[in-house]
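Please look through the following points on the aromatic side chains with the model open beside you.

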Amino acid sequence: MSEFVERLKEYIKEYNLSVTSLAKNIGVTRETASHIVNEAHMPSTKAFIALVEYFNCSADYLLGRIDIPQSYSFDTVKPIGKILRKCLKDNTKKETDLQNDLNISSSLTYKWLHDKSIPTIINYIKLADYFDCSIDYLLGREQ
């Protein structure tokens, strides 16, 4: 069982939720929630964000990137564009560096930088590793 699913199941148990109530609380179908809990597929970024906001937990903890859950209130998720531009500036990187180093298309980085789309969970992980920051930081949930 993946660390993500194991931790998700812990939260489901702690909150005494059924798959149906989980689905309702995060705005997905029961089938989608069931697929996530049973490891049929990872959630969409939108569903993942709904999970971390519903459980008020760290995205990094839920994904198994850190071992100790952070115990403070997180900010609501913010658009990626401004945060990504700050990461590039703080790390003296250019958009082309990001594209070349992570093998990400220019159209995709453009969409992120202009808040036209959001990264997948896998791309959030790549970005967090690349910029040596947390996924919660990239989501705008922590300062």
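1. Arg-7 lies over the face of Tyr-61, and its distance from the ring centre is 4.0 Å. As the model is a predicted one, this placement, like those in the points below, should be read as a feature of a prediction.

2. The ring of Tyr-61 also belongs to a cluster, in which ring pairs link it with Tyr-11, Tyr-15, Tyr-54 and Phe-55. Across the whole structure, a search finds 7 aromatic pairs. In one of them, Tyr-15 and Phe-55, the ring centres are 4.8 Å apart and the planes stand at 75°, so the pair is edge-to-face.

3. Where in the chain do Tyr-15 and Phe-55 lie? Tyr-15 is in the loop between helix H1 (3-14) and helix H2 (19-26), whereas Phe-55 is in helix H4 (residues 45-55), so that the pair links distant parts of the chain, 40 residues apart.

4. The two partners can also be described by their accessibility. Tyr-15, with a relative accessible area of 32%, is partly exposed, while Phe-55 has a relative accessibility of 3% and counts as buried because this value is under 20%.

5. Another edge-to-face pair is formed by Tyr-130 and Phe-131, with 5.0 Å from centre to centre and 75° between the planes. Both Tyr-130 and Phe-131 are buried.

6. A charged group over a ring is also found at Phe-74, where the charged end of Arg-141 sits 4.2 Å from the ring centre.

Conventions:
Residues are numbered from 1 along each chain as its sequence is written. This is a predicted model: local features need pLDDT of at least 70, side-chain atom pairs count only at pLDDT 80 or more; totals for chains, interfaces and linings use all residues. Side-chain values use heavy atoms; hydrogens and water are left out. Rings of Phe, Tyr and Trp (its six-membered ring) pair if their centres lie within 6.5 Å; planes under 30 degrees apart count as stacked, over 60 as edge-to-face and the rest as tilted. Helices (H or I, at least four residues) and strands (E, at least two) are DSSP runs, numbered from the N terminus. Buried means under 20% relative accessible area, exposed over 50%, partly exposed in between (1.4 Å probe, protein chains only). A charge sits over a ring if NZ of Lys or CZ of Arg is within 6 Å of the ring centre and within 35 degrees of the ring normal.
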